[in-house]
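Subject: The structure you asked about

Hi there,

Here is the structure, ready for you to open alongside this note. Have a look at it first, and then read on for what turned up.

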Amino acid sequence: MQTHPISLISSGFNSLLSSARSFSHDSICLNKLLACPKDIASISILFDQTDTPSIHQWDIIIRDTSASSQPEKSLLLYNLMRRKGVTPSKHTFPSLLKSFSNSNQNPFQLLPHIHKFGLNSDPFVRNSLISALFSSGEVGLARQVFDESVKTDEVSWTALINGYLKTGCFAEGLKCFNEMRLKGVEVNGMTVVSVLSAAGKMGNIWLGRSIHGFFMETGRVKWDVFIGSALVDMYSKCGCCDDARQYFDEMPSKNVVSWSALIAGYVQCNRFKEAFVVFQDMLMENVKPSEFTFTSVLAACAEIGALVQGRWVHGYIDRYKLEMNAAVGTALINMYTKCGCLTEAFKVFKKLSRKNVYAWTAMINGFTIHGDAIGCLNLFWEMLSSGIHPNEVTFLGVLNACSHGGLVDEGRELFDMMKQRYHLAPNVDHYSCMVDLLGRAGYLEEARKLIEDMPIEPTAGVWAALFGACMIHKAFDLGEHIGKHLIRLQPNHSGRYALLANLYSRCQKWDSAAQIRKLMKDKGVKKIPGCSWIEVNGAVHEFIAFNTSHSESICLNEMMDNFIVQLRVAGSVPDCSLFAFDVDIE
């Protein structure tokens, strides 16, 4: 580690103060000096050395702090500014309100100050307040501020629409968009970006194409990199990756958002190899990846087990000394655990300076995937001790661990804790875990009662978990009843027929098994071929069941036949009763 004598540091800061005194009347020099200190105390001392720091200089440092990784510190700067008797300007509060949006804090404490200094009618401040209130979940109050505005323009309407859409109130947001148009307010590019984003999140391709055709194709809104990126994102999220690629290629200029949107779209559509190709093209174009780019690429690596590519991305982050924030760290943890490298995942986790609930949950799920139920629970208790509150996904991970580890009492305790201590409503996935936990342990009646007492309608996945327990414990009568119910729930799902056919095969009811196969054939239900990926020497290979398109498929089939022959010679007799019909529980 490189060390610096205290005297040298002190000398450096004294030199900084000397410069501040020398140039206290030169605003340009002082503004450059303000970028040097990294803590509130240093800034306070620096301002003490100047004659009269202007509100413009305060606004600069508050603005930069609100956009930093620690936006909450901007409020401390504001308090320091007020103690020094400086009156805020119309540029002060938008930066402060932005810091509240970035840190998800409630901006209520700023409202008296905004009114006190007569800035509540300033459109710049008002629009920033609307956005901040939406970010803190105060939807009703945000609408009230908008309605009480003396004058509203396209920026005000966009803030309102964007706020509704970001909080998931899509219908209300689109209603405001229509109202804006009826009132004759000009629709600008940012409004269109917001509506396209909503269309993507809703998966409403009809709305997306309508906005595209009416505003962009007709030239009502100027095509730029933001509009182009929003189009790519919308088409990708609606599952239209080919359209997204078409409009991406037509963009006159591209930025990191455009590239990242296309990569994320390919990942969402399970076209992982194409996502890698686009990422490589992006690097060849000397576009610096963002946090969002890395999380998408690492998600692709995790899904197909591309460890070599995942390690390369990790190395890229280290080589260029890019910030390892919670989002990128979580993506790395997820990638390493799904690629079988639990130790490397844990190293990344331990190095994270700030761990949020998503990082903890990713690591907890990593232990679950690797069958370490005790390690999973120990990390869960450590998370609670650190003051982090678990979310629904965290509980899903620990309940899964209890299920596969046979920890029935611990699972019951956690399920009750989720509802009573953290007031989280279990969804069907949590109930599936509990049914699986109880069923595996042989508590079939308790599992059945849990399903019957569910406050929400049990899905096929919940019943399938109990069916699996019936197969384990040979409760064929109950299993037959559940199997028939699953077919009624999902008559076009091939896996449901497979489950019941396998049950009949297990209890040697061959005629019944044949009837299920015939029923499936008569209804025209076909099984979707399974697909898998494997990485060999950095290259990702894709295999589809009963498909010989891979260049090495003949050699691979010959090798598999050779394995089977050797197993028979060794005296291995496989139990094919479980594979009488392809099983697809989920």
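Which residues in α24 meet which residues in α25? Before the reply, please keep in mind that this is a predicted model. On the α24 side they are Glu-392, Phe-395, Val-398, Leu-399 and Cys-402, and on the α25 side Glu-410, Gly-411, Leu-414, Phe-415, Met-417 and Met-418.

Helix α24 covers residues 392-405, and its axis lies 9 Å from that of α25, at an angle of about 165°. An angle over 145 degrees counts as roughly antiparallel, so that is how α24 and α25 run relative to each other. Their crossing is left-handed.

Apart from neighbours within four places in sequence, Leu-414 is in contact with Leu-377, Phe-380, Trp-381, Phe-395, Val-398, Leu-399 and Cys-402. Leu-414 also belongs to the largest nonpolar core, which has 164 residues; together with Val-192, Met-335, Phe-380 and Phe-395, Leu-414 is among those that touch the most other members. Helix α28 (residues 460-472) gives this core its largest share, 10 residues. As general background, nonpolar side chains in soluble globular proteins tend to be buried together.

Now to the charged side chains. A search of the whole structure turned up 16 salt bridges. Here are some of them:

- Asp-409 and Arg-412 form a salt bridge in which the closest N and O atoms are 3.3 Å apart. Both residues sit in helix α25 (residues 408-420), 3 residues apart, or about one turn of the helix. Asp-409 is exposed, at 55% relative accessibility, while Arg-412 is partly exposed, at 24%.
- Asp-436 and Arg-440 have side chains that meet in a salt bridge, 2.8 Å from N to O. They are 4 residues apart in helix α26 (residues 428-440), again about one turn of the helix. Asp-436 has a relative accessible area of 16%, so this residue counts as buried, whereas Arg-440 is partly exposed at 37%.
- Arg-63 and Asp-64 form a salt bridge with 3.2 Å between the closest N and O atoms. Arg-63 is partly exposed, with a relative accessible area of 45%, and Asp-64 is partly exposed too, at 41%.
- Asp-242, Arg-271 and Glu-274 are linked in a network of salt bridges.

Ser-95 lies in helix α6 (residues 92-103) and touches Ile-62, Arg-63 and Ser-66, leaving out residues up to four places away in sequence. Is Ser-95 buried or exposed? Ser-95 is buried, because its relative accessible area of 10% falls under the 20% cut-off.

One last stop is Pro-491, in the loop between α29 (476-489) and α30 (494-506). Pro-491 counts as partly exposed, at 31% relative accessibility. Setting aside neighbours within four places in sequence, Pro-491 is in contact with Tyr-497, Lys-523 and Val-525. The C-alpha atoms of Pro-491 and Met-520 are separated by 8.8 Å, although these two residues are 29 residues apart along the chain.

Best wishes

How values were computed:
Residues numbered from 1 in each chain as written. Predicted model: local features only at pLDDT ≥ 70, side-chain atom pairs only at ≥ 80, totals over all residues. Heavy atoms only, no water. Helix = DSSP H or I, 4+ residues; strand = E, 2+ residues; numbered from the N terminus. Buried < 20%, exposed > 50% of the residue type's maximum accessible area, 1.4 Å probe, protein only. Contact = heavy atoms within 4.5 Å. Core = buried A, V, L, I, M, F, W, Y, C linked by side-chain atoms within 4.5 Å. Salt bridge = Lys/Arg side-chain N within 4 Å of Asp/Glu carboxyl O. Axes fitted to C-alpha atoms, helices over the stretch in contact; angles between N-to-C directions. Parallel < 35°, antiparallel > 145°, perpendicular 65-115°, else oblique. Left-handed = near helix turned anticlockwise from the far one by under 90°.
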